[in-house]
Amino acid sequence: MIPYGRQNISEEDIQAVIAVLRSDYLTQGPVVPEFEQAVADYVGANYAVAVNSGTSSLHIACLALGLGEGDWLWTSPITFVASANCGLYCGAQVDFVDIDPDTFNLSVSALAAKLQFAEQQGTLPKVLVAVHFAGQPCEMQAIAKLAEHYGFYIIEDAAHAIGARYQDRPIGCCQYSDITTFSFHPVKIITTAEGGMAVTQQAQLADKMRLLSSHGITRDTAKMTQIPDGPWYYQQLALGFNYRMTELQAALGLSQLQRIDDFIKKRQDLKQRYDILLRNLPVRTQKALAETRSALHLYPLQFDLAQLNKSFIAIFNALRACDIGVNVHYIPIHTQPYYVELGFKHGDFPAAEAYYAKTLSLPLYADLSFIQQDQVVAALHEVL
Ligand SMILES: *Cc1c(COP(=O)(O)O)cnc(C)c1O
């Protein structure tokens, strides 16, 4: 089976992890700060906090922005559940903004209309999680303009988008947001097995996130409420978590980061090849915005089912039968039973539901060979 995504592991990656295993620190050593600094430098952020997953980075980002009971968090329905769950972890309520049928990202016009309505209802969001779906940056400048007008914070969920660019700046520089979060799960652009990072330009947010990522405990005397009892002394100042990244993960991430531009170049070459090889089929893919570079985490392919006279599930099953590991990203979150229980229903976000009814992800990753890609394309031609 050709999977839809997988990691690229080099001999250098393996040696970097082994070196940590032979060192004094498996956790809380020097490599995590080194990885944080390297990512901060790469994305143009002042501060970076490494954690044990992308989900954890979203959680501490929401908490650092003060999200809590009585607040609203909004995001896109076409994303991984973690983009919404982080709001529920904080006791906030979650709502969704329907997607743009061309970019598959949250629709700025739907956002503007929903904000206008929410203002009248007194239900404006405190936090908007803007997901750069498949690595394609959202229209951040327009979103930031709305944030300024209505007074909400922006978290960029860049789990798909490390290495992407918006208006010639790297995603992660937070020009139009408060915090950007990354995931280093093996299917993402670079991996630490499990892992994530939150980056920001604001020292205060970085301090809060760092505190929350390690039990809410500090050893910094300047932050303590009293003079330390002795050299052993630490203080718990908030209710934090153990969300720390290990040295092993950081060593892998640091080694992977050396090849990130190479990974994205390979994804770009594959994407261009797909575009050309599929151009005669009744299909389309994600629309790219001007002045952006997608990190190309996914290659979503949308079928014109009426013209094909085939059902989506028949196409999906036939491709899987050809050993092509196509997948679906994502099931609209508001249709998940947990969210239905919260009051959402089918029909709430029609563009997201229409997308879900006809879109699957083709294999796309740095190690996918052109020969494998040709197999995918041949299977598609056969099936359609
Ligand atoms: C993968 C992913 C996450 C969660 O990251 P983990 O590292 O798996 O916790 C969050 N948001 C999006 C959009 C993702 O794809």
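Helix axes here are lines fitted to C-alpha atoms over the stretch in contact, and angles between them run from 0 to 180 degrees between N-to-C directions. The model is a predicted one. With that in hand, start with a pair of helices.

The axes of H5 and helix H6 (residues 140–150) come within 10 Å. They cross at roughly 10°. Angles under 35 degrees count as roughly parallel, so H5 is roughly parallel to H6. Which residues meet? From H5 come Val108, Leu111, Ala112, Leu115, Gln116 and Glu119. From H6 come Ala142, Ile143, Leu146 and Tyr150. By type, the residues of this contact divide into 8 nonpolar, 1 polar and 1 charged.

Now step back along the chain from H5. The loop between strand S3 (93–96) and helix H5 (108–121) holds Thr103. Is Thr103 buried or exposed? Its relative accessibility is 5%. Buried means under 20%, so Thr103 counts as buried. Leaving aside residues up to four places away in sequence, Thr103 touches Gln286, Lys287 and Leu289.

The largest nonpolar core has 54 residues. Val39, Leu111, Ile143, Ile162 and Phe182 have the most contacts inside it.

A second, separate core has 42 residues. Among them are Ile60, Cys62, Val129 and Leu205.

Finally, turn to another helix pair. Helix H11 (residues 312–321) packs against helix H14 (residues 370–383) at an angle of about 135°. Their axes are 10 Å apart. Angles from 65 to 115 degrees count as roughly perpendicular and those over 145 as roughly antiparallel. On the H11 side, the contact is made by Ile315, Ala318 and Leu319. On the H14 side, Ala379, Leu380 and Val383 take part. The residues of this contact divide into 6 nonpolar, no polar and no charged.

Key. Residues are numbered from 1 along each chain as its sequence is written. This is a predicted model: local features need pLDDT of at least 70, side-chain atom pairs count only at pLDDT 80 or more; totals for chains, interfaces and linings use all residues. Side-chain values use heavy atoms; hydrogens and water are left out. Helices (H or I, at least four residues) and strands (E, at least two) are DSSP runs, numbered from the N terminus. Contact means heavy atoms within 4.5 Å. Ala, Val, Leu, Ile, Met, Phe, Trp, Tyr, Cys and Pro count as nonpolar, Asp, Glu, Lys and Arg as charged, and the others, Gly among them, as polar. A nonpolar core is a set of buried Ala, Val, Leu, Ile, Met, Phe, Trp, Tyr and Cys residues joined through side-chain atoms within 4.5 Å. Buried means under 20% relative accessible area, exposed over 50%, partly exposed in between (1.4 Å probe, protein chains only).
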